[in-house]
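Dear colleague,

I am passing on a structure that you have not worked with before, and my notes on what was found in it follow below. Please read them with the model open.

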Amino acid sequence: MDQDIRFCTIPTGVRIAYATIGQGPPLVVPPYWVTHLEVDWEQPALRAFWTTLAQHHTILRFDTHGCGLSDRDRDRTDRTLDYEVRMLEAVLDQLALGTSD
């Protein structure tokens, strides 16, 4: 089982990398402090963890702005929770997993 890495663009124009794996109800994993979707996937313990969860869920992970495969060439000045939520919403909307108003 391999992860599928794609990109979406948030309203500020920054490209965010996200990965999905598996099938079933979505399980969204917010990024931790420093992430890299490809490097994490190369770690046997992490890969085993994600593939086990993916047997019953669609796992969604993403690299936050400035980390991993997401845009790093644009300075990030907004470090608020609201900005983090907007990144998450953009990824969810890309996959049609967002909530409707």
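To begin with charge, the mean positions of the 9 positive and 15 negative charges of the protein lie 3 Å apart, where Lys and Arg count as positive, Asp and Glu as negative, and His and the chain ends are not counted, each charge being placed at NZ of Lys, CZ of Arg, CG of Asp or CD of Glu.

This is a predicted model, in which local features need pLDDT of at least 70 and side-chain atom pairs count only at pLDDT 80 or more, while totals for chains, interfaces and linings use all residues. Residues are numbered from 1 along each chain as its sequence is written, and side-chain values use heavy atoms, with hydrogens and water left out.

The protein has three helices and four strands, taken as DSSP runs (helices H or I, at least four residues; strands E, at least two) and numbered from the N terminus, and from that end the order is β-β-β-α-α-β-α. Buried residues (under 20% relative accessible area, 1.4 Å probe, protein chains only) account for 35% of the 101 residues.

Ser70 touches, beyond residues up to four places away in sequence, Arg15, Ile16, Ala17, Asp63, Thr64 and His65, a contact being heavy atoms within 4.5 Å. A polar atom of the Ser70 side chain lies 2.8 Å from the backbone nitrogen of Ala17.

Technical notes: Buried means under 20% relative accessible area, exposed over 50%, partly exposed in between (1.4 Å probe, protein chains only). A polar contact is a pair of N or O atoms within 3.5 Å; within protein, one must be able to donate a hydrogen and the other to accept it, and residues adjacent in sequence count only if both atoms are side-chain atoms.
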